[in-house]
Amino acid sequence: MTDIAVIILNWNGEKLLKEFLPSVIANTPTDIATVIVADNGSTDGSLRLLAERFPEVQVLRLDSNYGFAGGYNRAVKATQYRYTLLLNSDVMTPPGWLGPLHHWALRHPGMGAAMPKIHSYRQPEMFEYAGAAGGYLDRNGYPYCRGRIFDRIERDHGQYDTPVPVFWATGAAMLVDTKAYLAVGGLDENFFAHMEEIDLCWRLQLAGHTNWVVPESTVFHLGGASLDASNPRKTYLNFRNNLLMLHKNLPDPSRRRTLLRRRLLDTVAWGRFILTARWRHAGAILRAHRDFRKMRTSYTSHPSRDLIAGNPNILSQIFRKK
């Protein structure tokens, strides 16, 4: 068994597999990693394509679409390599992409997760929205990245070429210590998709691990392959899951203060959608808050203030000023 399982979660992604899987196969060293496609119950020609064109790739067939969180949890439990690299099916990997991440993990046994720099597949000189050069949370619990704040994307001219601890690593290309991943419960399947990797990285830090960006490695991400920003479903998941993440991982009394502030800010966002006649997105925010109120009762355990205060990893990263 190699050290790393590079797991690509696929659901009806035949076109993406044709375009992006060849680079993963060609540029993933077989002495340190095994490429595995975990299929989330696809009904298109994905499985036929894998059998005919990519027979060297291991295929793990799941019986249904369990979403990003559920699909990866089942795949990680079934494989259990020393490290697992969660890789989106719309990521192009250049030569030399995996070695720096592997070396970093070996030299840092406290690592929970690590990510490469994420560049845009369409504009290779630019960072890409989903992760860029490492993620953080602002004081209101909104995620942002080095190289991207809101929709403003930076060109990469080496400004973030030093490895640093980050609050969260992107699920587009995230190396995790498999034992740590399983010990904290993996991705939260209640999230289904969106922000589940941020929640995971938060819990890894609560367990004493550190998350990193390793800029010696770079990959190129297409982005928007599952849900793009124009889809109200994405708005719903992002708002609901962000509230759930704050509720479950913040201690009293900061949890109540932050959620109250978020209710006000989300009302402003709802108003902007109303003013711009984006009715479905406005409705998505209302549904997100409604479902959050229902789902939060499932989370009865919260970290103590003493745990937060005694954890330098979290203290150095949580709710940074932009």
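**View 1. Strand E4 is covered on both of its faces.** Tyr83, Leu85 and Leu87 lie on one side of E4, Thr84 and Leu86 lie on the other, and all of them are buried. The model shown in this and the following views is predicted. In a regular strand the side chains alternate between the two faces of the sheet. Strand E4 spans residues 83–87, and because five of its five residues are buried, E4 is largely enclosed by the rest of the structure.

**View 2. Helices H8 and H9 cross at roughly 160°.** Two packed helices are described by the angle between their axes and the distance between the axes. The axes of H8 (residues 254–275) and H9 (residues 279–295) come within 7 Å and cross at roughly 160°. This angle is over 145 degrees, so H8 is roughly antiparallel to H9. The crossing of H8 with H9 is left-handed.

**View 3. Residues of H8 meet residues of H9.** From H8, the contact includes Leu259, Arg263, Asp266, Ala269, Trp270, Phe273 and Ile274. These meet Trp279, His281, Ala282, Ile285, Leu286, His289 and Phe292 of H9. By class, ten residues in the contact of H8 with H9 are nonpolar, two are polar and two are charged.

How values were computed: Residues are numbered from 1 along each chain as its sequence is written. This is a predicted model: local features need pLDDT of at least 70, side-chain atom pairs count only at pLDDT 80 or more; totals for chains, interfaces and linings use all residues. Side-chain values use heavy atoms; hydrogens and water are left out. Buried means under 20% relative accessible area, exposed over 50%, partly exposed in between (1.4 Å probe, protein chains only). Helices (H or I, at least four residues) and strands (E, at least two) are DSSP runs, numbered from the N terminus. Axes are lines fitted to C-alpha atoms, for helices over the stretch in contact, and angles run from 0 to 180 degrees between N-to-C directions. Angles under 35 degrees count as roughly parallel, over 145 as roughly antiparallel, 65 to 115 as roughly perpendicular and the rest as oblique. A crossing is left-handed if the near helix is turned anticlockwise from the far one by less than a right angle, and right-handed if clockwise. Contact means heavy atoms within 4.5 Å. Ala, Val, Leu, Ile, Met, Phe, Trp, Tyr, Cys and Pro count as nonpolar, Asp, Glu, Lys and Arg as charged, and the others, Gly among them, as polar.
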